[in-house]
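Please open the model in your viewer and keep the selection panel at hand. The stops below move from one selection to the next.

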Protein chains: 2
Amino acid sequence: MRQLAIPNETKIVLAVVDGLGGLPHPDTGRSELEAADTRHLDRLAAESACGLTVPVAPGVTPGSGPGHLALFGYDPLRYTVGRGVLEGLGIDFDLQPQDVAARGNFCTLDGAGKIVDRRAGRIATEQSAPLCETLATIELPGTQLFVEPVRDHRFLLVLRPESGELSDRLADTDPQREGVAPLAARALAPEAKPAAELVDRFVAGARDRLNGAAANGLTLRGFARRPDLPSMPEAFALRAAAVAVYPMYRGLAKLAGMSVLTTGTTYDDELATVRERWDDFDFFFIHYKAADTAGEDGDFQAKTAALEAFDRAVPALLDLGADVLMIAGDHSTPAALAGHSWHPVPFLLHSPWARRDSVDAFDEESCLHGALGVFPAVDALPIAMAHARRFTKYGA
Amino acid sequence: MRQLAIPNETKIVLAVVDGLGGLPHPDTGRSELEAADTRHLDRLAAESACGLTVPVAPGVTPGSGPGHLALFGYDPLRYTVGRGVLEGLGIDFDLQPQDVAARGNFCTLDGAGKIVDRRAGRIATEQSAPLCETLATIELPGTQLFVEPVRDHRFLLVLRPESGELSDRLADTDPQREGVAPLAARALAPEAKPAAELVDRFVAGARDRLNGAAANGLTLRGFARRPDLPSMPEAFALRAAAVAVYPMYRGLAKLAGMSVLTTGTTYDDELATVRERWDDFDFFFIHYKAADTAGEDGDFQAKTAALEAFDRAVPALLDLGADVLMIAGDHSTPAALAGHSWHPVPFLLHSPWARRDSVDAFDEESCLHGALGVFPAVDALPIAMAHARRFTKYGA
């Protein structure tokens, strides 16, 4: 793809509706998109090439990382974002390439050191934040330590070597059950032994400092370093920008090499930011979160309302005047499942060069009959590049 | 595939309509195929399994080489045909495996040796042919030299080592712009240094001989050797023949190991040739060019007319009595884009064993709903082999 990319003046907008796809409501047989009044999306679908994206692989339910990486043009089976890294992205922590990050949970230990509550009674952030500050005072040889509160009992641990490399090939210390002690750090590869020792030292230091606290223990999982992704802007010769209210999505875009733009707290703010910076970039990733949140809550009505709210923003999206506008989802989040799912996700591509199809509604069933068919999400960006006339011919 | 192929008495015809697919006309919303009176194709579609082929990969616009190689059963991302080789095929030059071929352009240099016209005023073939003859007299050590006129300012350079190997890993000498001198030959790999020296010697010899000529300089690009393709007839156990008016398509078929049959100058001539040699082969590739030419010219009406002319030949194609008849395109060439495009290409397969579908018109939108769906072009030949009962079962 890198060899095909050529410069052009055209603009591409990727509007991601998080958790876009759904499933029929058991009472009505209609999915969230079918039940919602999405008149603008339906009209746009009639003028677009439609299809359904398979986020990772058939039957595979993606997390937010792979769902987005695929839409950014990365094979999500090849490029992975570890849990620790995602946790860091989620709180806007500025992860460096040498950092080893892990997700931490405060827990409650009994007198014998066994876990009696894996979440320390879901201790409030106000209580866990001071504990993080205390833990950050632990001293580790040759290593900078960061302990950042995330929410409730969750925190982020980052080990930053002052020189050299630190491996992230460490097993979780979280035994994933109660009645046993947290596990000792264990290297999964010989080169991870120094990292395992550092983690053990940290845990030992924490034991002293947490003695008598609201949470007297901790577990760690998802040790990971930032993935070394090829730069999406370089690979596709695009000045690429990301606009997202939630830090995790800004972080994923940053991993892909996009410029992350400062924006406000609403989708209208995001669109205003795109308008302001329209001339500075060729590609904009714009993130809409509310549909996923409602789906995760299992709230069909709230998801329908979130989709309708997005629909009302579609005219403004169109008014941006992109040469190629994609409406996509990182995965489905059916309210019926109250979580992410493996189902293909409705997709549309609006462009003067898009093939016509007979689809005139934007939903799971209609998009099935669209010109783009059911296709891997990782192909979306190359297809958009073609429609933006930013790919040269392959082969003589 | 090679292990699945079994002998049979059945015949397969692959009728390629170059540049078959199109895009809607902005005034009517109908594509070339939709606008054309293709009554025979439509009737055939109703009795066939239809689909759309993706020539190379989603979003990728193929040249003629990859577009045809895919239909011949080769993964076009794995097997590539360099520009120099394609240029040789296009003038029926009998390229040998050891030959290094390049596309040459005559250009005009100023007193300082800088390019002032990259095409030497599009010098006519009548003027460039004698220059080629002159250049062919240059002597290179241990190497036979061929300089063949192609058209206007274009020529073919072939270096044929009298013994041993010559690498084609050379950078273009064409700087792709004016105001600078042609580049010196540059080896892209250590083993290409001897080839680079030969090219520099050739260019030096040309400088003397072109002094004062209508074109006093030259640039070279697309250095390439014939790709080492597995033989398609062997891999599929087929006696395969190619019938094409234009040399480039005969050349591509020859690379694939097909027998190239002598034919006339029209599609009727091609069909007559196939009839004459019907008993001698199991597989016929028959090439129809006019649709692509009209599309490249951006002439919607001419493309419609070319498709109608092809349609009139469909009864004769059917009368051949093949067990499997495929109507396919190497790529789309929408008049709206005046060039090749990435859009999937209508495809039909006629056979007693083809799955029924509801498609009753042969166009982009109708084929989308066909039994074959949207599928990689490289799968077309295996699918045809199956319908011809020329594949055995895979696995016990």
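Predicted model: local features only at pLDDT ≥ 70, side-chain atom pairs only at ≥ 80, totals over all residues.

Begin by selecting Phe281(A), which counts as buried at 7% relative accessibility, where buried means under 20% relative accessible area, exposed over 50% and partly exposed in between, with a 1.4 Å probe and protein chains only.

Residues are numbered from 1 along each chain as its sequence is written, chains are lettered from A and ligands numbered from 1 in the order in which they are written, and side-chain values use heavy atoms, with hydrogens and water left out.

**Aromatic rings**

The search of the whole structure finds 22 aromatic pairs over all chains; rings of Phe, Tyr and Trp (its six-membered ring) pair if their centres lie within 6.5 Å, and planes under 30 degrees apart count as stacked, over 60 as edge-to-face and the rest as tilted. Phe281(A) and Phe284(A) form one such pair, edge-to-face, with 5.9 Å centre to centre and 75° between the planes.

Now select Phe106(B) and Phe155(B), a tilted pair with 4.7 Å centre to centre and 40° between the planes. Phe106(B) lies in strand 3 (residues 100–109) of chain B and Phe155(B) in strand 6 (residues 154–161) of chain B, so the pair ties together parts that are 49 residues apart in sequence; helices (H or I, at least four residues) and strands (E, at least two) are DSSP runs, numbered from the N terminus. Both Phe106(B) and Phe155(B) are buried.

Back in chain A, select Tyr267(A), Tyr288(A) and Phe310(A), which form one aromatic cluster.

**Charges over rings**

Which residue lies over the face of Tyr246(A)? Select Lys289(A), which is placed there at 5.9 Å from the ring centre; a charge sits over a ring if NZ of Lys or CZ of Arg is within 6 Å of the ring centre and within 35 degrees of the ring normal. In chain B, Lys11(B) lies over the face of Trp278(B), at 5.5 Å from the ring centre.

**Between the chains**

Show both chains and select the contact (heavy atoms within 4.5 Å), which takes 23 residues from chain A and 32 residues from chain B. About 2,100 Å² is buried between chain A and chain B, 63% of it on carbon and sulfur atoms, where buried area is the accessible area (1.4 Å probe) that two parts lose on being put together, summed over both. On the chain A side, Arg355(A), Tyr394(A) and Ala396(A) lose the most area to chain B, together 41% of what that side buries.

How many salt bridges does the rule find across this interface? It finds zero between chain A and chain B, a salt bridge being a side-chain nitrogen of Lys or Arg within 4 Å of a carboxyl oxygen of Asp or Glu.

Select helix 13 (residues 380–387) of chain A, which is mostly covered, eight of its eight residues being buried. Arg389(A), which follows helix 13 of chain A, has a positive phi, near 55°.

Next, select Arg122(A), which has a positive phi of about 45° although it is not a glycine, in the loop between strand 4 (115–117) and helix 5 (125–135) of chain A. Arg122(A) is exposed, with a relative accessible area of 52%. Finish at Asp152(A), in the loop between strand 5 (143–151) and strand 6 (154–161) of chain A; Asp152(A) has a positive phi of about 50° and is partly exposed, with a relative accessible area of 26%.
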